[in-house]
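Dear colleague,

I am passing on the structure below, and my notes on it follow. Please read them alongside the coordinates when you have a moment.

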Amino acid sequence: ELSLLVAGRSKILKVPLDKLPATAAVLPFSAHASGAIALAVDVLNGNYFWTDVTKDSIVKGWTNATGFYQEAIVTTDVKTPDGMVYDWVSQILYWTDTAMTHIQVCKSDGSSRKTLLTGLSKPRALAVDYLAGHLYWSEWGTTPRIARAHTDGKNMVTLYSGDDVGWPNGMTLHHEDRILYWADAKVDKLVSFDLKTNKKTDLVSREMHPFGLAVWQDYLYWSDWQHQSVFRANRNDPGHHTTVVSGWKDLMGIAVIHDQAQ
């Protein structure tokens, strides 16, 4: 079953994608969420992860036959964790912290925590390429940019910067096609960046305020504050978009849930 996990500050939604527009279900985790922003999914082990900027923590949730459970796995030196991604191959969780100006990592239980990159300028969104061993992220600072480093934090380079990069909120990677996507809320665009050719293409440009972004097969999914909705568009023909779910305020990070979506 293909579905989306969507963070919305005081709520965490699960949205089935078998029929659109869909009806979102509020997961029981929401009872303890107050500032859920970024999230990630570990399909292999049935774990959900999210950042809580109100409680200054990184949280793991899971379900089993007896119910829904959660625990804060990182609770110290967390201020504004706005971006997150999970590498299912190495089973490592990455997150950005804008106020702390760094990217940190830990194992899925919160152990082996360390700072991967520091001194960044308002780091935000994340994507991980487990095939090439690369980590991608966006920065919102004085010179907004899209950057890359090895997953050990070494060999940092700027992939793209310029006047057409403003507030790159969401980021996702299509592993097979080697295309990086990001959503920019300042210039109201969804953008693709071909990692094979370094070619940037504006895909969707309309009145919106995109935040979260995910890709699955031929479709891009993004949350939109302005329209209080999640939308879908074919990434190869993005002129037409479809409403996935609507009528929800404060929709933040999104992630695809599927057995093969890692």
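Not counting residues up to four places away in sequence, tyrosine 48 touches Leu5, Lys14, Leu27, Phe29, Ala40, Val41, Val59, Lys60, Gly61 and Ile257, where contact means heavy atoms within 4.5 Å. Apart from the core described next lies another, of 17 residues, which include Ala24, Trp216, Tyr221 and Val256.

This is a predicted model, in which local features need pLDDT of at least 70 and side-chain atom pairs count only at pLDDT 80 or more, while totals for chains, interfaces and linings use all residues. Residues are numbered from 1 along each chain as its sequence is written, and side-chain values use heavy atoms, with hydrogens and water left out.

The largest nonpolar core has 18 residues, and Leu5, Ile12, Val41, Tyr48 and Trp50 have the most contacts inside it; such a core is a set of buried Ala, Val, Leu, Ile, Met, Phe, Trp, Tyr and Cys residues joined through side-chain atoms within 4.5 Å, buried being under 20% relative accessible area with a 1.4 Å probe and protein chains only. At least two residues of this core come from each of strands E1 (3-7), E4 (36-42), E5 (47-52) and E24 (254-257), strands being DSSP runs (E, at least two residues) numbered from the N terminus, and E4 gives the most, with four residues.

Alanine 214, in strand E20 (residues 210-216), is buried because its relative accessible area is 5%. Alanine 214 and isoleucine 254 are 40 residues apart in sequence, yet 6.4 Å apart in space, C-alpha to C-alpha.

Best regards

Methods: Buried < 20%, exposed > 50% of the residue type's maximum accessible area, 1.4 Å probe, protein only.
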